[in-house]
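Have the model open beside this text.

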2 protein chains.
Amino acid sequence: MSITGDQSLLKQINRMALVRAIRQQAGLSRADLAKLTGLTRSTVSLLCQDLINEGWLVEHEIQATGALGRRPTPLAIDPLRLALIGADLGVDGLHVVATSLNGEILASRSEAIVGNDAAMVLERLARMLSEEALSLRMQGRGLLGIGVGLPGGVDEAAGTLKFAPNLGWRDVAIREPLGAALARVGLDDVPIHVHNEADVAALGEFEFGEGEVPEPLIFVSLGIGVGAGIVAGARLFVGANGFAGEVGHTILKVDGPLCSCGRHGCAEAFIGLNAISARIAPGLSLAAIRTQLDFGDERALAVVGEAGRALGVLIQNLWTLFNPGRIVLGGPSCALGDAFLSAAFARLARYTEEAGLPGPDLRITRFGPLAVAVGAAALVLHKTIRPV
Amino acid sequence: MSITGDQSLLKQINRMALVRAIRQQAGLSRADLAKLTGLTRSTVSLLCQDLINEGWLVEHEIQATGALGRRPTPLAIDPLRLALIGADLGVDGLHVVATSLNGEILASRSEAIVGNDAAMVLERLARMLSEEALSLRMQGRGLLGIGVGLPGGVDEAAGTLKFAPNLGWRDVAIREPLGAALARVGLDDVPIHVHNEADVAALGEFEFGEGEVPEPLIFVSLGIGVGAGIVAGARLFVGANGFAGEVGHTILKVDGPLCSCGRHGCAEAFIGLNAISARIAPGLSLAAIRTQLDFGDERALAVVGEAGRALGVLIQNLWTLFNPGRIVLGGPSCALGDAFLSAAFARLARYTEEAGLPGPDLRITRFGPLAVAVGAAALVLHKTIRPV
């Protein structure tokens, strides 16, 4: 519908259009912004002054030149005054990061999860979050909000985790208990956003990518579960019920091995960490598999290579269906290294050669094991700078 | 960027917001529209008067009631004064339809293609289009534009067909020669839009669907080629280079049979019409296969059933990756009937049962062999009513 009806929304849309323009091209002046956005020069000036006061923007030094007259002042995103907090409530542990508006990691803390009692885990996460938030406050930084990435289906509006098979959690409220715990230490004004882990990791690559990030962007999360987050049109592509990107449950082999979902031949039954360890020695940890690979264990190399080739097929299928501008791989299984990833890249290269096509822009996340936590921080930014 | 800069664009955005609102809910009054859109009552009245004058809207009779005072006048899309033309330049022939703004088919004409000389085919298509356009003019209908669905990759902005493997065409200008031919008969003011056949068919299901159409919507086009058009967020999802939805070239079986694309094990090598006929008797036409099926030929039934099961796997994978609100099947291979489609549905049902999940909203296009032509008409409407 028309967006001229709601003046405060319209103002926020225009403010954030300025922020996005400057994120895309640092050094724009108010005059540049007026030209780019179609807003009047005086509106731009007013909005910029607000954004500077609030910590979003900073005026750069005016460059001294030989030319006469006043030079327009270049504006940039202020990396110092506002911050974002992101959390990864993962099967392997809790990770919390604080980042600047540009995605630089300011601080990070991690703790292993012992047991999987939801109330206890959330209490510990709340403590980690409040410590980080209070630390930012002591540094004089403003906090835009807290994002939380969760290993399962999420009801974003309700703030609940619907189902996390690998934690054994079902219908667990997340936002409400975290908000209550933060309120008890005086942090009752901090917005909390929750979303699926692969989705937030995709947002991390998108919002904190260098330069203009090509779209669609797909983040493939490789671990016990195999999922994908998809960004298209600067928005998460989540499908009709929020389940889009369940790439681990596409069929890679008709009548193949039984998957945890009850079907046969799903990608996860070839690529998932449990499927890999089950074929080497049931119950083997990721670290133990990694050690076997390092020592050249033939069985481990064969099994992991086979999983890597299946990953190559999976990437081929994602590439063919979504025509992504970029694919980013992340998640714990990336630690399997070359034995896994080179096999995937070789299989993918064979498909591109056979079809005579260039390969996709494919990379490993530069945020490593913090990809979900950084993505959860990006979720806060995403919700703020893209208000409609 | 801000949309307040360009007044004529803003006006068109607001006009079309009214049209979309009334398409969604016929019978809204000007007061309802003002409330819905946030536009002032006087702006709504001015824009509605324009839309009535131009043939978009019609005022319904005011219902006589016992209540006192003037009742608000209900508005509806006018099915009588404006029309759309859609064309399907397909491997199997040329189809042209005229439709109302609501997608009712007003007229259709089809001709077989003899030879595949591009200039000659386009000349014949131009003649069919101009006959239809002049026929509409004689009926006093206004023509919003012409859409053309093409069996391959399309450069929408340039109006060219980049590559159509099954026609053997590469880099063929479409819009320019059609426009020139139409100009010669006085139709030089008609906008022409071109797009891929599966994409326009998806738009046909989306823009002309009954009630609110669930999203994402995927149209799977089944013929010699196997492709998909995807609508998400009321827009075509086309990917980074316009190739999204190439579902026929996802891998269904690692190291499977050779596909026309050079890879091995692609879905098209199992489900494509040429792959099916090659397994029964090379060169067999669709009609001949259909006859064999009707006569209970065991080999034909077995081959088509096998292809149908592969289609079931394909739909499962599309459903898992995109979480579509609706999947629509269309294209010539639908004529293979139950032997093909029931096998697909049964395979899909097995996956949903095994996972304990409800099945997708899956249907066959109600436009039959005209699905692409009707979709091409919908492309014109789509471009007009969604200006940004």
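In which loop of chain B is B:A234 found? B:A234 is found in the loop between strand 12 and strand 13 (235–236) of chain B. Bear in mind throughout that this is a predicted model. The backbone at B:A234 deserves a look. Its phi is positive, about 60°, although the residue is not a glycine. Most residues other than glycine have a negative phi, and most peptide bonds are trans. B:A234 is also buried, with a relative accessible area of 13%. The cut-off for that label is under 20%.

Chain B holds another residue of this kind. B:N323 is not a glycine either, and its phi is positive, near 45°. Look for B:N323 in the loop between helix 10 and strand 14 (326–330) of chain B. Is B:N323 buried or exposed? B:N323 counts as buried, at 4% relative accessibility.

Next come the peptide bonds. In chain B, the bond from B:E215 to B:P216 is cis, with omega near -15°. B:P216 sits in the loop between helix 6 (197–207) and strand 11 (217–222) of chain B. In chain A, the bond from A:E215 to A:P216 is cis, and omega is near -15°. The loop that holds A:P216 runs between helix 6 (197–207) and strand 11 (217–222) of chain A.

Now follow helix 10 of chain A, residues 298–322. It has 25 residues. From first C-alpha to last it reaches 36 Å, close to the 36 Å expected at 1.5 Å a residue. What caps the N-terminal end of this helix? A:D297 does: one of its side-chain oxygens lies 3.1 Å from the backbone nitrogen of A:R299. Helix 10 of chain A is mostly covered, with 19 of its 25 residues buried. An α-helix has 3.6 residues a turn, so residues three or four places apart point the same way.

Turn to strand 10 of chain B, residues 192–196. This strand is mostly covered too: five of its five residues are buried. Strand 10 of chain B pairs with strand 6 (residues 142–150) of chain B. The sense is parallel, and the pairing runs over five bridges. To place the two strands, find B:G149, which stands opposite B:H195 in strand 10.

The last stop is the interface. How many residues does the contact take from chain B and from chain A? It takes 54 residues from chain B and 54 residues from chain A. The size of an interface is often given as the accessible area lost when the parts come together. Chain B and chain A bury about 4200 Å² between them, and 59% of that is on carbon and sulfur atoms.

Polar links cross the interface as well. Between chain B and chain A there are 20 residue pairs in polar contact, both residues at pLDDT 80 or more. The count of salt bridges between the chains is four. B:D255 forms a salt bridge with A:R347, and the closest N and O atoms are 3.5 Å apart. Several elements build the side of chain B that touches chain A. Helix 1 (7–24), helix 2 (30–37), strand 12 (226–232), helix 10 (298–322) and helix 11 (338–355) of chain B each supply at least two residues. Helix 10 of chain B gives the most, with seven residues.

How values were computed: Residues are numbered from 1 along each chain as its sequence is written. Chains are lettered from A and ligands numbered from 1 in the order in which they are written. This is a predicted model: local features need pLDDT of at least 70, side-chain atom pairs count only at pLDDT 80 or more; totals for chains, interfaces and linings use all residues. Side-chain values use heavy atoms; hydrogens and water are left out. Helices (H or I, at least four residues) and strands (E, at least two) are DSSP runs, numbered from the N terminus. The expected span of a helix is 1.5 Å times one less than its number of residues. Buried means under 20% relative accessible area, exposed over 50%, partly exposed in between (1.4 Å probe, protein chains only). A polar contact is a pair of N or O atoms within 3.5 Å; within protein, one must be able to donate a hydrogen and the other to accept it, and residues adjacent in sequence count only if both atoms are side-chain atoms. Two strands pair if DSSP finds at least two bridges between them. Contact means heavy atoms within 4.5 Å. Buried area is the accessible area (1.4 Å probe) that two parts lose on being put together, summed over both. A salt bridge is a side-chain nitrogen of Lys or Arg within 4 Å of a carboxyl oxygen of Asp or Glu.
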